[in-house]
Amino acid sequence: MARLLLIEDDLTIRTPLLRALRERGHAVAAASTALDGLRDALDDRPDLVVLDLGLPDLDGGELLRMLRAVSSVPVIVATARDDEAEIVRMLDAGADDYLVKPFTAAQLDARARAVLRRSAGDPATDPVLVVGGLRIDPRARQVTLDGAPVELTPREFDLLHHLAGRPGQVVTKRELLTEVWRIPYGGADKTVDVHLSWLRRKLGESAQEPRYLHTVRGVGVRLDAPGSAR
């Protein structure tokens, strides 16, 4: 039984969702304000948080940033805001998924189960990845380069981990947006370029002088150990 925390101020949405999610086997608590939700998330340590953005005391995006500063609890943003830039912003801020209202309890339940599966992981199927001097530990979410720690944001880590799982392969922006950002391919492909630029900087390289991250123009990006023959 998963323990969910629903942070939603609209009673007409909160009440039926609570009932439907409980009927699907979840233990669900609810909060109607951002500050109550933050307190409950820290005190009760739920398995997953479902977060509305339009809260009465604090914007849900700010609450997400506060949560991410102190907790790695999976978060699904569930909101009426359907602007692509907002979706990308929330995913970059650390949301694990984004669901646009109106949605059914069945849809939310399916998304919650998928996020919980991803966050649980399995040591047998999620091993430490080593590419050249890069060591990526998905369980600890830590990266070292030639033995020195590399501080990455959650999205930078997910991007590097995805690429490291396919060394030597060209990965398209479409795949990265779908698998790392969990959003459809479209105008948001620029966010991939921005994050690759940030990631290169932290790995001590550039697009002009790559060591690990090699752009294949018009196709995507490839992660290779330095000195790999191509």
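My entries on strands, cores and salt bridges follow.

**Ground rules.** I am working with a predicted model, where local features need pLDDT of at least 70, side-chain atom pairs count only at pLDDT 80 or more, and totals for chains, interfaces and linings use all residues. Residues are numbered from 1 along each chain as its sequence is written, and side-chain values use heavy atoms, with hydrogens and water left out.

**Entry 1: the strands.** I began with S7 (residues 134–137); strands here are DSSP runs (E, at least two residues) and helices are runs of H or I (at least four residues), numbered from the N terminus. Strands pair if DSSP finds at least two bridges between them. S6 (residues 129–131) runs antiparallel to S7, with three bridges, and Val 131 sits opposite Leu 134. Two residues lie between these strands in the hairpin, where Gly 132 has a positive phi near 60°. On to S8 (residues 142–145), which is antiparallel to S7 through four bridges; Thr 144 is the bridge partner of Arg 135. That hairpin has four residues between its strands, and Arg 141 takes a positive phi near 55°.

**Entry 2: Asp 137.** Is Asp 137 buried or exposed? I found Asp 137 buried (under 20% relative accessible area; exposed is over 50%, partly exposed in between; 1.4 Å probe, protein chains only). Asp 137 has no salt bridge (a side-chain nitrogen of Lys or Arg within 4 Å of a carboxyl oxygen of Asp or Glu). The nearest side chain of opposite charge, Arg 135, is 4.3 Å away.

**Entry 3: the cores.** I noted that the largest nonpolar core has 50 residues, and that Leu 134 and Trp 181 are among those with the most contacts inside it. Its largest share, five residues, comes from helix H6 (residues 154–164). Apart from it lies another core of 19 residues, including Val 28 and Leu 99. A nonpolar core is a set of buried Ala, Val, Leu, Ile, Met, Phe, Trp, Tyr and Cys residues joined through side-chain atoms within 4.5 Å.

**Entry 4: salt bridges.** I got a count of 19. Lys 101 and Asp 52 form one, with closest N and O atoms 3.4 Å apart; these partners are 49 residues apart, and both are buried. Arg 113 bridges to Asp 109 at 3.2 Å. Why about one helical turn between them? Because Arg 113 and Asp 109 are four residues apart in helix H5. Last, I found Asp 59, Arg 81, Glu 86 and Arg 89 linked in a salt-bridge network.

Definitions and conventions: Lys, Arg positive; Asp, Glu negative; His and termini not counted.
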